[in-house]
Amino acid sequence: MAFSCASGKHRGPSRAKRRTVNAMGVAALTTTGVIGTLAGPAFAAGPPVEGTGLLGIVTLGDSVARTIDAQAAAQKQAAERKQAEQARAERRRAAEKAAEKRAAEEREVKKRAAREAERRRLNAFVAPISHSYVSTGYHAGGSLWSSGSHTGIDFHAATGTPVHTVGSGTVVETGWGGAYGNQIVIRMDDGTYTQYAHLSSIGVFVGQRVVPGRQIALSGATGNVTGPHLHFEARTSPDYGSDIDPIAYLRSHGVNV
């Protein structure tokens, strides 16, 4: 028995199918980053896909793989350098802020110390005549005083010796004071009053603020005196007759007399 078989040609994939499959393969490789920078000639080394009747296949050589690895390593190094620079910049900013904070704290400490020193200075008391001594004490008796006793203390001083206010206060009276001669009366910040008498000259005016140790006059021998000296009184008011013990007053404010 004889058999016959039909003859025919094997037909390859159509042109449209081959083009579609080839494009899909290349696109997949490109999307995954494998072919990021490969040039067109890498695909042109062989015959066109359309003429072979085969699906398009891309094969990467060792040199291309090394190029991709080098690019990835370079990108990683660049990212690490950027992170390191950012970290250094943050450390610098933190150090600068810390330094600024320390400087501000140091300035504040100095300001507080200066304010405290100024407060102590303004609250301090000094003797009205430097490097002198009391030549006539408080309540000394005799005919020299109309009240029968000394209402203040006398500091030994030649004419023209600088006279200083003993503490902070405001001048409330200046000028001639009868038996006191040229005088100055100051209302102290603690509410008491001090008087400086027998002056040869006056260097302040009514209403003027004065601080401890400020020169206000020169000593002399004006008024009822037997010789040059400074008469000093402490009072509870600006008027005569309100005197208090000037030595106890000065000592209570830390002045050694």
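Student: So where does pLDDT stay under 50 with zero contacts beyond four places in sequence?

Tutor: Residues 1-11. pLDDT is the predictor's confidence in each residue, from 0 to 100, and contact means heavy atoms within 4.5 Å. Over residues 16-45 the pLDDT is below 50 too, but that stretch has 23 contacts beyond near neighbours in sequence. This is a predicted model, where local features need pLDDT of at least 70 and side-chain atom pairs count only at pLDDT 80 or more, while totals for chains, interfaces and linings use all residues. Residues are numbered from 1 along each chain as its sequence is written, and side-chain values use heavy atoms, leaving out hydrogens and water.

Student: And what does the protein chain average?

Tutor: A pLDDT of 83, with 75% of the residues at 70 or higher.

Student: New topic: how many aromatic pairs are there?

Tutor: Four, from a search of the whole structure. Phe125 and Tyr249 form one that is edge-to-face, 5.9 Å centre to centre with 75° between the planes. (Rings of Phe, Tyr and Trp, taking its six-membered ring, pair with centres within 6.5 Å; planes under 30 degrees apart are stacked, over 60 edge-to-face, the rest tilted.)

Student: Is Phe125 buried or exposed?

Tutor: Buried, because its relative accessibility is 14%; the cut-offs are under 20% for buried, over 50% for exposed and partly exposed in between, with a 1.4 Å probe and protein chains only. Tyr249, at 5%, is buried as well.

Student: Which residues does Val163 touch, leaving out those up to four places away in sequence?

Tutor: Among them are Pro128, Tyr196, Arg214, Ile216 and Leu230.
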